Amino acid sequence: MTSRQSLRAFLAQLDVAGQLLRIGEPVDRRFEISATLNELWDGPAVLFEKVTGSALPVAGNILNSIARFADGLGTTPAELQARIIAAIGRPLPSREVERGPCQEIVVESPDLAELPIPHFFEGETGPYVTAGAIIAADGATGARNLSFARLKPLGDSHGANRAFIGIAPNHHLAQLARAAKARGETLPIAVTLGNHPAVLTAAALYLGLGDDELEVAGALLGEPIEVVRCRTSALLVPAHCEMVLEGTLDAGELIEEGPVSEFHGLYESYGKGQVVTFQCLTRRGDAIYQAIQPGYHPEHVLIGGVAIAAGLARHVRSTVPALQRVAVGMGGAGRLHAVVSLKDPRPGDARKAMFAIWGAVNLIKQITVVDDDIDPEDPRQVEWALATRMKADRDLVVVPGVRADRSEPLEQDGLVAKLGIDATRRAGDRADWRRAAPPAAAVEKARRLLENARKRGDGS
C-alpha cells in the first residue's frame, strides 16, 4: 500500500484529478526534459516514462502553482500561508522506523551518470540535481537540518560518485560544513529525492539554525514523518522518499562551477564551491527521479516564494500586528519582490513592515504594502491599488546602498537599492473610499442565474 507520505501518493492524486501528463515516448535527459517542463509551465505535472540512458522515470512540474501547493498540503490557496505558519509554530517530531521503501535497493559507490539527471540549459556546464532535499546534522549538538542545494555530477578522474554542491555561504548547510572543516572532519549528508510536498515545502523554509524542518514537514502533513537510518551514517531520512544519496561534504575541497541559472532567469557565476563524495545510493525498486526545472520557472520560483512569504508573515506580524498576508510571487521571481497586506494600518505601519522585511531577508528589494481588501497574490488588484491609493511624491521609500544577496541580478560591490511603496488608503486623500459595485443580494442572484444558464447550456 502506498503511504500518504510519499511523492507517488500525490502523483496518484494528481492522476485522478486529470493533472498528471504521462509521456511514453523516449526523451533525452540533455535539454529535452527541460524544454518539455518549460513548455508546460504552470500546466499539469508530468511523468517521463522513458528516459534515454536510464532505467528510471522522471517526474516534474509537481508544485508549479499556488493551487498545487495547497492540494499537496491538503488545504486551500487562501489558507496555505496560515497552514505553513501554524506548522512552524507546532513542529511534530518524526518517528523512526526499522526499514523503509527508500532502501529496497542499495548501490555502493554509485555512478551518478546512471541516474536520469537532466542537463537543463546550454549555458550550464553539466546536468544538475535540483530537487534534492538535503539532510545534515550539527556535529556539536546533533540538531538536524533540511534544505535545498544544487548538485552537479563531476564524472572526473576521481570517481563517478562525486558532485559539486552549490550552497550560498550564509545557508545553514554551509555553516555546518565549515564547522566540520574546523574540527578536521567532513560533513555527512543525505540527499533525498522524490519527496512529498510537505517535505519539499519545509526544506525551503527560512528557520533558525537548530530548528528541525523535517518536524515542520510532519506538522504540515498532520502526522509524524516516518524516518529510517542511513546505511553509512546516523542521519535519519524520510522513509517514503524515492531515493537517497548518502555522502560526505568536504568544505576543504573546492572546484570551479561555471555559469549556473538562477531564479531570476539569468546566469550567475559564483566561482568555486565544495565537493560531495557519495558512498551509497539507496532507492525503491521502481524509483521515480524527481526534477525541479531551475531558472525562472514556476516550480523553482514558487518553492522559494511560498516558503519565504510564510516565514516573513510570521516574523513581521510580531512587530506589525496589522499584517494579514505576504506574497512573494512570480513577478518578483519568488525572491526579490514582496506584497504585504495590512488590516486597518496605523500611521507608520507600512514603513515599519518594509524595514522589518528588509532586515529579515536580504533578497527582498521591493515591497508593496496594500490594504486587506486587496489580494496580495493578484497582480491586477495590486496594480489597481497602486493606481488609486499611492501618491508618488509621498509614498515611495528608496533606500540606497543596502547589502544584497549574491544572487541579486543587479548587485554591485555587494550592494543594491531597496524600494518600498505604500499603496494603502489614507483618510485625508478622499472623503469616500467605497467601491462602486452592485449590492450583494443582486450579485448572489446573478451568480445563480448564470450557473443555471451554464447547466442548461451543458445539457446537465
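1. Helices are DSSP runs of H or I with at least four residues, strands runs of E with at least two, both numbered from the N terminus.

2. The model is predicted: local features need pLDDT of at least 70, side-chain atom pairs count only at pLDDT 80 or more, and totals for chains, interfaces and linings use all residues. Residues are numbered from 1 along each chain as its sequence is written, and side-chain values use heavy atoms, without hydrogens and water.

3. The largest nonpolar core has 128 residues. Such a core is a set of buried Ala, Val, Leu, Ile, Met, Phe, Trp, Tyr and Cys residues joined through side-chain atoms within 4.5 Å; buried means under 20% relative accessible area, with a 1.4 Å probe and protein chains only. Ile165, Leu173 and Ile189 touch the most other members. Helix 8 supplies the largest share, ten residues. A second, separate core has seven residues, including Val339 and Val382.

4. Asp405 sits in the loop between strand 21 (396–403) and strand 22 (415–423). Asp405 counts as buried, at 14% relative accessibility. Beyond its neighbours within four places in sequence, Asp405 is in contact (heavy atoms within 4.5 Å) with Asn362, Leu363 and Glu411. Its C-alpha atom is separated from that of Leu415 by 8.2 Å.

How values were computed: Buried < 20%, exposed > 50% of the residue type's maximum accessible area, 1.4 Å probe, protein only.
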